[in-house]
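Opening the notebook on a new model today. I'll jot down what I look up as I go.

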Amino acid sequence: MHESTGAGPGLVVPPGPDGEIRYEVSELTRVEGEGSLNLVVRGGEVVTAQLAIFEAPRYFEQLVVGRTPDEVIDIVARICGICPVAYQMSAVHAFEDLFGVAIDPAVRTLRRLLYCGEWIESHALHIYLLHASDFLGYPSAIEMAADHRELVAQGLRLKRLGNRLIEVLGGRAIHPVSVRVGGFSRAPGRRALEALLPDLEAAIPEAQATLDWVATLVPPDYVREPQLLALRHPEEYAYNHGRIVSNDGIDLAPGEWGTAFREEQVAWSHALQARSHSGGVYLLGPSARVTLSSETLHPLAAEGLARTGQAEMIRRNVFSSIVARGVELLHAIAEARDIVADYREPEVPRASWTPRPGIAAWATEAPRGLLFHRYELDEQGLIRHAQIVPPTSQNQGAIERDLAGFAPSIISLPHEEATHRFEQLIRSYDPCISCATHFLDLRVDREDEAAP
Amino acid sequence: MPAQESRAHAGRQRTRADRPARPRVGVAKLTSCDGCQLTLLDLEDHLLDIVDAFEIVEFPEATSNRSSGPYDVLLVEGSVSTPDQAEWIGELRRRAGLLVTIGACATAGGIQALRNWGNEPAWRASVYPRPDLLETLPTSTAVSDHVAVDAELRGCPIDPHQLLELLAALRTGRRPQLPDESVCLACKRRGTVCVVVAEGIPCLGPVTQTGCGAICPAYGRGCYACFGPHEQANVESLAGWFRQHGVDDASAARLFAGFTAYAPPFRSEAESATRTAHRQEDPSHA
């Protein structure tokens with residue numbers, strides 16, 4: 001993932017012609033991944049730490065021009081196969097806010113259930129299939145499964161449960177079809193959801209065990225004081241309603257992201273980077289959410305978090321994001337269980353609405369962080385202009401800052417081990433660069449000695 | 001980590017030498033959303049058996065182990081949309097025994113193929129302040145436009161059951177059984193009331209290949225052709241039906257200008273939609 005655009009983003013000129021950048025993006029495309037890292041060390045000092053994303057651009061902001069709101073929902077899902085629900089829902093809420101659509105309370109609850117499904121699927125995927133092998137010393141979950149088959153099987157069961165929730169609500173796990181402006185094209189019957197209840201009940205102890213297990217994984221010793229940003233709601237763990245808040249005083253309506261942040265293009269990446277207007281970088285995702293919204297966690301998740309004793313580590317050490325993901329996995333499963341147990345079908349699964357011209361903007365929480373959409377609609381209710389700011393483009397600045405901050409303690413290690421640590425750092429963010437994992441080709445370029 | 005688990009598993013461990021030769025499978029990605037390769041990981045109930053039956057030697061989304069081939073089977077996701085990819089797919093073809101394209105991007109160019117009507121330079125300039133920093137092709141095209149393809153799985157995304165059928169067929173050396181009938185037949189089989197007849201909802205089911213299980217009508221909306229045109233799709237006739245039933249030309253054209261817009265039978269119907277939508281955005285565009 002993914003290109004994004006902004007209204008009038010600035011351009012950062014790459015560091016000057018003094019040879020600091022040794023590797024150009026066009027050369028790195030020959031590696032089979034979609035991103036890479038450029039790190040330049042001079043005299044023991046990190047002078048450049050760049051995450052290069054060269055996922056081929058697909059111009060989604062242009063693909064939606066001239067389309068109706070419901071068509072936009074289908075199109076933007078395709079930005080990401082791992083978190084299509086968040087893309088659909090940021091768009092839905094933006095349009096409903098502009099059109100003044102009143103939503104059936106049961107639909108509002110079903111939407112939370114849809115988010116639960118996506119978070120369960122995505123977090124179980126990341127914890128078990130992508131990230132845990134870093135801590136346990138395997139190249140992948142495939143090799144990990146050879147030694148820990150039941151552990152991986154448990155992760156797959158949890159992941160499947162998330163996918164089944166999305167399937168019941170939306171017809172299929174990837175790019176579900178039922179999300180529409182106003183609600184759902186069809187709401188699930190009570191029996192279809194109740195069929196999931198035994199598995200949801202069984203998943204709660206498995207999610208508790210998952211959290212207890214990831215809390216035993218030892219993160220590298222790297223702490224800092226990050227600026228954290230997330231959606232927060234006073235009464236519920238925020239997925240799609242609330243305000244955009246930070247730990248240093250930002251407090252915005254979900255459509256007002258653009259008043260505090262901007263996007264800019266950097267020479268080394270196909271993703272535009274987001275920064276605050278003062279140029280600061282900030283961190284999104286599970287660590288930010290758990291820190292900023294711990295008081296609205298499901299009681300079981302709050303209890304689990306307390307049992308780990310790692311709230312402070314989650315805030316300060318990005319490697320502990322796997323624990324934050326474990327907390328949210330438990331939260332989403334427990335909330336899904338509660339919703340399914342109390343489910344009643346909505347009286348109006350899909351509210352009627354009339355398009356109107358204007359600006360539609362909203363932010364919701366994708367599994368990996370805040371996702372902002374902004375659309376301009378014309379007199380016919382068709383899209384005239386779009387801006388989509390994915391979480392990874394917002395986290396890119398924080399990733400690069402952390403690479404630079406982490407590097408001094410790492411560059412003395414053997415090259416292969418340093419590579420692994422840097423890669424693990426980036427993976428800790430659960431970046432959604434398509435090919436979201438194991439994509440890193442690290443070149444530590446020591447200017448004062450022969451490059452490795 | 002439960003201690004008993006390692007012991008329980010010890011009996012299942014086999015050394016590499018015990019194993020029959022397993023097909024070497026690679027997964028590669030071009031321009032796409034990752035959803036189709038994720039479908040492999042979404043075969044949760046079968047995944048551990050699949051990695052027993054196949055040797056996954058290249059799958060960057062899932063493993064740090066890398067292999068530049070040769071592959072007995074290579075699954076390719078995504079469309080060809082950059083000069084590097086156009087070169088790279090030829091290289092991949094040489095390294096693959098069987099090359100299977102997976103998903104609408106790889107088999108038809110994907111939603112990003114809407115750029116193929118001549119909009120790409122303007123789009124690039126509208127998204128990026130420095131368009132010169134990107135190397136892209138003006139088109140997004142199917143893999144089969146560049147190299148020979150041995151089999152394809154349609155869909156946006158592919159269907160997990162079809163993927164499983166493909167893998168089973170590969171393992172046993174038979175042809176995969178993939179239906180080439182229309183979504184309409186799948187709807188009948190599923191017992192779904194026709195959304196066109198009952199509710200007058202425009203639906204591409206009559207011209208679209210099934211494989212998804214006719215999800216959309218079952219969820220109360222029209223098919224939007226994730227799986228592309230079926231073999232005998234009479235697109236012109238359906239477009240005429242839309243017009244007769246009050247669907248304006250622009251809306252009908254936008255229906256075809258979807259995730260398989262550049263598949264030939266849909267292409268001409270989709271064309272007017274992309275031209276209409278972007279005429280205002282790009283005054284230079286004829």
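Predicted model: local features only at pLDDT ≥ 70, side-chain atom pairs only at ≥ 80, totals over all residues.

I started with contacts in chain B: counting those between residues at least 6 apart in sequence, 71% join residues at least 24 apart.

Next, the core. Which residues touch the most other members of the largest nonpolar core? I got Val76(A), Ile120(A), Leu165(A), Ile333(A) and Val76(B), out of 212 residues in that core. Helix α5 of chain A (residues 105-136) supplies the largest share of this core, with 14 residues.

Setting aside neighbours within four places in sequence, I find Ile333(A) in contact with Ile120(A), Leu200(A), Ala203(A), Ile204(A) and Ala207(A). Ile120(A) is also on my list of core residues that touch the most other members.

Last stop, a helix pair. I wanted the angle and the distance between the axes, because that is how two packed helices are described. For α14 (residues 391-406) and α15 (residues 415-428), both of chain A, the axes come within 10 Å and cross at roughly 150°. The cut-off for roughly antiparallel is over 145 degrees, so α14(A) is roughly antiparallel to α15(A). I noted the crossing of α14(A) and α15(A) as right-handed.

Who makes the contact? From α14(A) I have Ile399(A), Asp402(A), Leu403(A) and Phe406(A), and from α15(A) Phe422(A), Leu425(A) and Ile426(A). By class, I logged 6 nonpolar, no polar and 1 charged residues for the contact of α14(A) with α15(A).

Note on methods: Residues numbered from 1 in each chain as written. Chains lettered and ligands numbered in written order. Contact = placed C-beta atoms within 7 Å. Core = buried A, V, L, I, M, F, W, Y, C linked by C-beta atoms within 7 Å. Buried ≥ 20, exposed ≤ 12 C-beta atoms within 10 Å, placed from the backbone. Helix = DSSP H or I, 4+ residues; strand = E, 2+ residues; numbered from the N terminus. Axes fitted to C-alpha atoms, helices over the stretch in contact; angles between N-to-C directions. Parallel < 35°, antiparallel > 145°, perpendicular 65-115°, else oblique. Left-handed = near helix turned anticlockwise from the far one by under 90°. Nonpolar A, V, L, I, M, F, W, Y, C, P; charged D, E, K, R; others polar.
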